[in-house]
Amino acid sequence: MSHSAMTAGSTGDSAQRAHAVSFALFLATFLALAVRITVSPALLDRVYDYVSQGGAFYEKIHVGTYLLVLLVPVALLSRPVFLRGEEIVKFRDLVRFTGLLGLLIVFLVGTGRAGAIGNLVDTYFVAGATGLILLAQNPSYRRLLGDAVILINLLSAAMGLFEATTHVRFFPYSEGEAAFRPIGLAGHPLTLGLLCATTMAFVPLTAWKPWVRIAAMLLLFVATAAAGARLALIVATLEVLALVLIVPWTSLSRPAERKAKLAVLILVTFAGAALFAVLAAGGLLSRFSEGLADKNVLARTNIYQVFDYVGWQDVVFGRDITEITRIVNDKLHLPFIESAPVNLTFQLGLVLAIPFALLVAWLILRLLRRQPRTAWIGTAVFLLAALSNNTLSEKTGVVTVLVVLLVAYLEAVPGPPARTPAGRPRTLTSS
């Protein structure tokens with residue numbers, strides 16, 4: 001056998017092995033993401049003490065988080081990783097984010113405040129780790145993972161509509177409620193509404209046929225209403241208008257685009273009015289019967305009165321969240337702390353909560369750099385809905401979903417070239 005034939009054969013074998021490893025990593029990432037997104041706290045709590053009192057410290061971390069974090073070294077070291085342009089910038093930003101957050105977690109553990117790290121690991125650290133895993137894969141697999149997350153949310157929306165119609169849930173839900181609300185795969189009605197509203201803006205980034213994208217967005221919108229997530233429904237309505245008016249239609253000239261958008265806007269207005277009439281007739285808008293300022297909204301504003309019952313040291317340096325919850329129960333007669341700012345203030349103290357909030361805001365802005373307007377709209381919807389309650393201070397997979405959607409549809413647009421110490425441009429690789 002000639003040397004050239006041996007070389008060609010070995011090269012082909014190496015390529016096949018590389019493809020097999022990449023495909024295996026894609027499947028492993030999909031399975032880990034599915035576990036993290038779809039296994040709710042109430043469901044996981046039936047296996048081990050995830051959210052209930054007691055249990056070892058390692059039981060307070062979601063099994064999906066363990067899987068995703070373990071996949072990071074596999075994704076980065078199992079085969080070469082090629083990044084270019086904006087991908088390099090995003091990769092470095094995610095490394096900085098996870099590194100700084102890791103230092104904060106180590107500091108909290110070292111100072112005897114390990115109880116405050118649960119949501120940091122389960123909500124934020126794993127989101128940064130997942131972004132690194134996606135960037136370590138080629139753009140086609142990356143987009144497939146984004147499509148897969150959207151499909152999971154569509155399945156959750158369909159399940160939510162079924163639950164709203166039959167008043168039968170697929171999975172356990174342990175919280176008390178005045179009226180039945182669906183949860184789908186999200187684990188909580190508000191989370192279902194948040195994910196449906198956020199996902200709507202990312203559906204146009206898929207390569208699906210136009211009618212499929214329109215049907216998917218309609219399903220997500222109706223599911224947002226069915227979830228009883230009022231603010232999510234309000235911002236989702238504004239989101240539809242923003243997607244029509246703000247997102248450019250590059251296939252048309254400027255005058256033709258204005259005419260087409262005006263026609264679509266008129267159509268959406270009339271169709272939306274008819275849809276809201278149908279939703280109201282079906283009882284899916286019953287959460288608006290008491291207006292916007294009902295007892296739930298008041299609970300999320302009255303919670304700030306808790307600062308009247310604590311000292312400045314508790315605010316600046318933090319305090320055991322169990323004691324704060326007891327104050328909220330006894331003094332304010334509220335069952336929960338439904339405010340992410342209040343939760344994070346006492347969990348971390350202002351000295352750490354402010355830098356942490358700035359770090360998260362910095363990462364989101366960096367991930368949005370050079371992204372299409374739909375991604376900006378979806379992220380704005382996410383933040384408006386999530387900050388209206390305690391979602392961002394709880395152990396949840398919604399931040400991971402947002403990071404996946406922002407990274408999955410990232411085009412390898414030209415960015416400032418990475419440079420070696422000698423000043424020569426290079427492509428970032430990992431092997």
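**Core and aromatic contacts**

Q: Which residues have the most contacts inside the largest nonpolar core?
A: This is a predicted model. Its largest nonpolar core has 107 residues. Those with the most contacts inside that core are Tyr 124 and Phe 356.

Q: Which residues does Phe 356 touch, leaving out those up to four places away in sequence?
A: Neighbours up to four places away in sequence are not counted. With those set aside, Phe 356 touches Leu 101, Leu 104, Leu 120, Tyr 124, Leu 344 and Leu 348.

Q: How many residues are in the second, separate core?
A: Ala 299, Val 328, Leu 332 and Val 342 are included in this core. Its residue count is 13.

Q: Is the pair of Phe 307 and Phe 346 stacked or edge-to-face?
A: The ring centres are 5.5 Å apart, and the planes meet at 25 degrees. Planes under 30 degrees apart count as stacked. The pair of Phe 307 and Phe 346 is therefore stacked.

Q: How many residues apart in sequence are the parts that Phe 307 and Phe 346 tie together?
A: Phe 307 lies in the loop between α11 (295–302) and α12 (312–317). Phe 346 lies in helix α14 (residues 340–348). The pair therefore ties together parts whose separation in sequence is 39 residues.

Q: Is Phe 346 buried or exposed?
A: Buried means under 20% relative accessible area. Phe 346 has 0% relative accessibility, so Phe 346 counts as buried.

Q: What is the distance from the charged end of Lys 395 to the ring centre of Tyr 50?
A: The charged end of Lys 395 sits over the Tyr 50 ring. Its distance from the ring centre is 4.1 Å.

Notes. Residues are numbered from 1 along each chain as its sequence is written. This is a predicted model: local features need pLDDT of at least 70, side-chain atom pairs count only at pLDDT 80 or more; totals for chains, interfaces and linings use all residues. Side-chain values use heavy atoms; hydrogens and water are left out. A nonpolar core is a set of buried Ala, Val, Leu, Ile, Met, Phe, Trp, Tyr and Cys residues joined through side-chain atoms within 4.5 Å. Buried means under 20% relative accessible area, exposed over 50%, partly exposed in between (1.4 Å probe, protein chains only). Contact means heavy atoms within 4.5 Å. Rings of Phe, Tyr and Trp (its six-membered ring) pair if their centres lie within 6.5 Å; planes under 30 degrees apart count as stacked, over 60 as edge-to-face and the rest as tilted. Helices (H or I, at least four residues) and strands (E, at least two) are DSSP runs, numbered from the N terminus. A charge sits over a ring if NZ of Lys or CZ of Arg is within 6 Å of the ring centre and within 35 degrees of the ring normal.
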